[in-house]
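Keep the sequence and the structure open while you read.

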Amino acid sequence: MPKNLVIVESPAKAKTIERFLGKDYQVASSFGHIADLPSKELGVDVENNFEPKYVVDKEKKALVKKLKDLAKKAETIWLASDEDREGEAISWHLAEALGLEKDKTKRIVFNSITKSAIQRAIENPRSINYDLVNAQQARRVLDRLVGYELSPVLWKKIKPGLSAGRVQSVAVRLIVEREREIEGFTPVPSFRIKASFTTKNGKRFEAKLNTTFASKTEAEQFLKKNIGADFSVSKLDKKPAKKSPAPPFTTSTLQQEASRKLYFSVARTMQVAQRLYEAGLITYMRTDSVNLSKEALDAAREAVTDSYGAVYSKVRNFTGKTKGAQEAHEAIRPTDMKLQSPTLERDQSKLYDLIWKRTLASQMSDAELERTNVKIDCSGHNEQFAANGEVVTFDGFLKVYLEGVDEEDAIEQEGMLPAMRVGEALANNFITATERFTRPPYRYTEASLVKKLEELGIGRPSTYAPTISTIQNREYVQKGTVEGVERHYKELLLERGALTEKNLSEMVGSDKGKLVPTDIGMIVNDFLVSHFTTILDYNFTAKLEEDFDEIASGEEDWQKVMREFYKDFHPNVLDVEENAERASGERVLGTDPKTGRQVAARLGRFGPMVQIGTVEEEEKPLFASLLPEQSIATITFEEAMELFELPKKLGVYEGEEVEANVGRYGPYVRFGKKFISLEKGESAFDVDMERAIELIKEKQKADAPIASYEGKGVTKGVGRFGPFIKWDGMFINVNKKYDFDNLSQKDIQELIEGKKQKEKEKLVQSWPEEGIRIEKARWGRHNIIKGRIKVELSKDVDAAQLSLDEAKALIEQKAPKKKTKAKAKK
């Protein structure tokens with residue numbers, strides 16, 4: 001039996017570490033936290049110094065028993081959870097739950113899973129750092145107090161099922177305030193001047209006028225002054241310039257850059273980075289430090305010199321500007337700088353390449369540039385045209401990498417300018433005056449929201465991804481889908497002495513992929529900002545993060561911080577619960593011309609809706625749900641009244657009723673019990689019976705069997721994951737290897753048999769008479785399935801040994817409780 005037991009959080013990390021340790025070491029996983037606050041009660045004794053009540057989840061009890069048994073047999077237990085505060089708390093919970101003896105227990109940390117890092121950690125063990133544990137406890141307890149006390153207030157004053165959180169609510173506030181700025185923005189038009197010139201050597205280039213004109217008339221008057229005028233170079237400056245590389249990645253800059261360059265969500269970036277770390281390929285991915293160790297600096301210098309030569313190498317030590325940055329940690333970097341392209345799955349390969357290039361570039365020479373600025377005079381007026389050019393004389397770090405920029409920070413790229421001299425006459429090809437409009441603030445992307453949170457000192461590396469996921473899962477915020485609206489503008493062209501005008505158009509206001517607040521998000525935000533000003537204050541939230549940092553460094557007592565916070569917070573909650581009015585975000589739109597009753601948009605029990613009438617009236621109000629793309633804040637009276645026309649009865653076809661309506665997935669036609677989606681751009685209000693019959697026939701044709709296999713029909717279609725065939729209730733994806741439009745019987749047989757084989761391999765246990773089965777799932781997990789109920793098993797449960805009774809019990813826990821029927825109310 002091995003003398004040493006090493007406990008880490010994840011099985012993937014355990015597997016990698018096992019490769020570096022000898023037969024005297026056994027590596028086990030705790031599968032994350034083994035203890036936490038209880039899910040169905042506050043779990044914090046507010047009367048007794050905020051003492052938390054930690055419990056071991058029932059799913060983890062078997063695992064705890066197993067780890068206890070292993071610990072009893074080992075001479076030394078090495079707690080090797082991650083090096084951050086959460087990792088320290090996991091080690092502490094392990095020591096407590098397993099009853100580990102202090103003299104047998106050692107705490108080790110490493111920021112990369114490599115043989116040398118593990119060896120160094122083993123040689124330099126320490127005890128559990130209770131300052132770090134307390135900082136994590138403070139965050140967990142304070143967030144539990146906020147969530148547990150605020151959420152019931154929201155249920156009572158707005159809508160059941162809502163939740164509030166300390167950081168998530170502040171993130172929503174940022175997004176709501178940005179949306180209000182956009183809604184309140186009025187674009188101001190002006191005309192911008194551009195000119196095209198040719199040098200005496202026949203080289204063309206563009207120049208701009210730095211002055212803009214407020215109206216078309218002013219722009220026209222300026223253009224006319226250029227008719228028949230002479231143009232010449234009045235000033236020419238050439239200056240050397242330098243560009244320096246960005247520092248290596250922190251958590252937030254990795255999330256931002258992966259969003260810009262790889263189009264990864266923040267959550268996806270962290271999932272992929274976690275796998276790279278666990279595989280021993282990169283250093284720890286939750287860090288706010290831009291530091292590189294001496295070992296890393298030496299390795300980077302060697303890699304740069306070997307690949308590009310000594311002239312490209314420049315050792316740099318970066319210093320972080322982030323509030324609370326922990327310089328003892330390292331930036332995110334490859335563990336082996338010589339390993340440029342390891343064999344990995346696609347997402348991992350892309351992210352690793354980004355990290356490798358960023359790290360290497362950070363240790364490379366500046367790029368050297370020559371910037372040219374030219375001023376051009378015109379004999380017809382006193383305004384000057386300006387042209388700027390840039391040429392790279394030494395590429396330096398640009399040979400490897402250039403940091404991306406967000407949309408709002410983007411500037412027009414400067415190209416090269418042709419050779420010119422002062423006094424040289426230039427030929428004017430044309431001059432344009434284009435109507436442009438001032439821009440509203442940009443909506444946040446996930447990446448720019450992370451950047452803003454970091455700038456404000458709100459949250460820390462471990463909190464950005466869960467915060468952004470939470471506010472979307474809670475449906476306070478959603479990713480925009482609007483491509484934009486058409487806007488018309490004018491362009492004046494002066495060419496060969498003639499002035500012409502064009503009417504052009506462009507798409508503006510796209511929110512595709514941007515973070516847009518929902519109606520419920522705006523109403524909850526307004527309620528919290530109005531009644532809990534302190535909690536939603538950016539400076540207060542940032543100050544709490546500083547308090548956590550001081551607890552972590554041993555400068556502050558965590559329970560004192562809790563007391564200071566709670567003495568004002570709790571009375572505020574009681575007061576709001578007792579005295580605040582209900583919030584529905586109601587917006588009165590007008591009066592119904594038929595009945596004279598009030599028409600208003602507001603939040604109802606089932607979401608945003610329009611209401612004709614009020615509850616005070618004798619006649620019951622009428623209700624209509626808003627369409628997915630509509631909002632309480634922006635819906636017009638006319639759009640609201642249209643909603644009462646749905647569902648729109650179109651007629652009868654083949655003995656079945658046909659109607660048009662809008663559901664959660666957009667507009668559709670209902671034909672009997674079949675639902676047929678309208679095509680993009682089509683409206684339920686505009687579709688007629690003729691178009692409905694056309695769609696029904698297309699659906700009937702698509703649903704008709706294309707073949708038969710084993711006496712059962714085979715149909716085909718295209719879903720959200722691409723083309724598929726359906727046979728015996730099974731959906732089978734059809735990949736690009738097959739010609740989907742011309743599937744042969746052989747193709748169909750191959751696809752069905754392949755799917756049957758996969759299903760057979762997935763099956764671990766089955767009880768057909770009970771309709772219950774256990775299947776393999778992703779990431780080494782297993783699911784119990786009965787009809788539409790799916791229960792994910794904990795990783796420490798042996799799916800092959802699970803009995804039918806145990807499976808039934810787990811299904812029973814997950815199954816929705818039957819409710820007595822009650823008349824639904826809006």
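Glu-759 has a relative accessibility of 22%, so it counts as partly exposed. Buried here means under 20% relative accessible area, exposed means over 50%, and partly exposed lies in between (1.4 Å probe, protein chains only). Its salt-bridge partner is Lys-755, at 3.5 Å from N to O. The model is predicted: local features need pLDDT of at least 70, side-chain atom pairs count only at pLDDT 80 or more, and totals for chains, interfaces and linings use all residues. Residues are numbered from 1 along each chain as its sequence is written, and side-chain values use heavy atoms, with hydrogens and water left out.

**Salt bridges**

- The structure holds 55 salt bridges. The term means a side-chain nitrogen of Lys or Arg within 4 Å of a carboxyl oxygen of Asp or Glu.
- Lys-755 and Glu-759 both sit in helix H19 (residues 745-762). They are four residues apart, about one turn of the helix. Lys-755 is partly exposed because its relative accessibility is 23%.
- Helices (H or I, at least four residues) and strands (E, at least two) are DSSP runs, numbered from the N terminus.
- Arg-166 pairs with Glu-545 in another salt bridge, with the closest N and O atoms 3.5 Å apart.
- Glu-330 and Arg-333 meet in a salt bridge at 2.6 Å, N to O. Glu-330 counts as buried because its relative accessibility is 10%. Arg-333 is buried too, with a relative accessible area of 6%.
- A network of salt bridges links Glu-9, Lys-13, Asp-82, Asp-84 and Arg-286.

**Surface charge**

- Which residues gather in a patch of negative charge on the surface? They are Glu-629, Glu-638, Glu-639, Glu-642, Glu-645 and Asp-686.
- Patches are made of residues with over 30% relative accessible area and no salt bridge; like charges are joined within 9 Å, and nonpolar side chains (Val, Leu, Ile, Met, Phe, Trp, Tyr) within 5 Å.
- Asp and Glu count as negative, Lys and Arg as positive; His and the chain ends are not counted.
- Asp-686 is in the loop between strand S26 (674-677) and helix H18 (689-703). It counts as exposed because its relative accessibility is 64%.

**Aromatic rings**

- There are 19 aromatic pairs in the structure. One of them is Phe-565 with Phe-569, which is stacked: 4.9 Å centre to centre, with 20° between the planes.
- Rings of Phe, Tyr and Trp (its six-membered ring) pair if their centres lie within 6.5 Å; planes under 30 degrees apart count as stacked, over 60 as edge-to-face and the rest as tilted.
- Both Phe-565 and Phe-569 belong to helix H16 (residues 558-579), four residues apart, about one turn of the helix.
- Phe-565 is at 6% relative accessibility, so it counts as buried. Phe-569 is buried as well, at 4%.
- One aromatic cluster is formed by Phe-197, Phe-205, Phe-213, Phe-222, Phe-231 and Phe-385.

**Backbone features**

- Where is the cis peptide bond? It runs from Leu-646 to Pro-647, with omega near -10°. Pro-647 lies in the loop between helix H17 (637-643) and strand S23 (648-653).
- Glu-475 is not a glycine, yet it has a positive phi of about 65°. Its loop lies between helix H13 (464-473) and strand S15 (477-479). Glu-475 is exposed, with a relative accessible area of 55%.
- Arg-496 also has a positive phi, about 50°, although it is not a glycine. Its loop connects strand S16 (485-495) and strand S17 (498-508). Arg-496 is exposed because its relative accessible area is 79%.

**Whole chain**

- The chain has 20 helices and 34 strands. Of its 826 residues, 46% count as buried.
- Its C-alpha atoms fill a box of roughly 95 × 80 × 70 Å, taken along the principal axes.

Conventions
Areas by Shrake-Rupley, 256 points an atom, 1.4 Å probe, with all protein chains shown as cover. Charge placed at Lys NZ, Arg CZ, Asp CG, Glu CD.
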